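This report describes selected local features of one protein model. Please keep the sequence and the structure in view while reading.

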Amino acid sequence: MKIQPANRRLGILLSGRGSNFDAIADHIDSGKLQAEIAIVISNVETAPGLEHARARGLNTAYIPSRQRPREDFDRDAVELLKRHNVSLVVLAGFMRIISRVFIDAFPYGILNIHPSLLPAFPGTDVQQKALDHGVNFSGCTVHFVDDSLDGGPIIVQAPVPVLDNDTAATLAARILKEEHRIFPEAIGLVLSGRCEIAGRRVIVT
């Protein structure tokens, strides 16, 4: 199945500091990524990433998620994204699992980045899991979002060596640098219309 986004308008969802959002926005501003950020949405009113987006003059929105059914939040987010004519949704440090409501609204139109070489170490506490298992390499993965936990088709990965003196924090910092590099790259590949999904694989033509 060929992935053909209708336009180059991105919707960014974040919950925290927004470092991956900043990396994406910087790539757009420099011309390295041909895309437009239509709106930045957060479920955390005080998220630094939301402030960064406002400072850049971008459209922003806060949608509360606490004590609400997941589907209710997702419907509100989908409505706002559709209103801004978003074609590709980017989860950039968005700390919520999305429901079928969201996935059905953007089939193979949602990207996430995860700080491991999936399918290894899905979920949380990823760097500590890598250290506990004694792996020689960890890394990060950009993938399409489906209804599995960090299990959608993989677009781009980057390996990061695990050093003998690494802590979860030092490993996470080195992986984050690679996240900032490959997330814009993966977005560009998807927007180019060159990605084709064949089973669990993403083939770039």
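## Charges over rings

A charge is said to sit over a ring if NZ of Lys or CZ of Arg is within 6 Å of the ring centre and within 35 degrees of the ring normal. Arg96 meets this description over the face of Phe73, at 4.9 Å from the ring centre. The charged end of Arg56 likewise sits over the ring of Phe21, 5.8 Å from its centre.

The model is predicted: local features need pLDDT of at least 70, side-chain atom pairs count only at pLDDT 80 or more, and totals for chains, interfaces and linings use all residues. Residues are numbered from 1 along each chain as its sequence is written, and side-chain values use heavy atoms, with hydrogens and water left out.

## Aromatic pairs

Rings of Phe, Tyr and Trp (its six-membered ring) pair if their centres lie within 6.5 Å; planes under 30 degrees apart count as stacked, over 60 as edge-to-face and the rest as tilted. The structure holds 3 such aromatic pairs. Phe73 and Phe94 form a stacked pair, because their ring centres are 5.9 Å apart and their planes lie at 25°. Phe73 belongs to helix 3 (residues 70-83) and Phe94 to the loop between strand 4 (88-91) and helix 4 (100-105), so the pair ties together parts that are 21 residues apart in sequence. Here helices (H or I, at least four residues) and strands (E, at least two) are DSSP runs, numbered from the N terminus.

Phe73 and Phe94 are both buried, where buried means under 20% relative accessible area, exposed over 50%, and partly exposed in between (1.4 Å probe, protein chains only). Phe102 and Phe106 form a tilted pair, with 6.2 Å centre to centre and 45° between the planes. Phe102 is buried at a relative accessible area of 0%, and Phe106 is buried at 5%.

## The buried side of helix 2

Which residues of helix 2 (residues 48-55) are buried? They are Gly49, Leu50 and Ala53. These residues lie on the same side of helix 2 because they cover an arc of only 100° around the axis, the arc being that of the directions from the helix axis to the C-beta atoms.

The buried residues of helix 2 pack against strand 1 (9-14), helix 1 (19-30), strand 2 (36-42) and strand 3 (60-62); contact means heavy atoms within 4.5 Å. Gly57, which follows helix 2, has a positive phi, near 80°.

## An exposed loop residue

Asn136 lies in the loop between helix 5 (126-133) and strand 6 (137-144). Asn136 is exposed, with a relative accessible area of 59%. Not counting residues up to four places away in sequence, Asn136 touches Val160, Pro161 and Val162.
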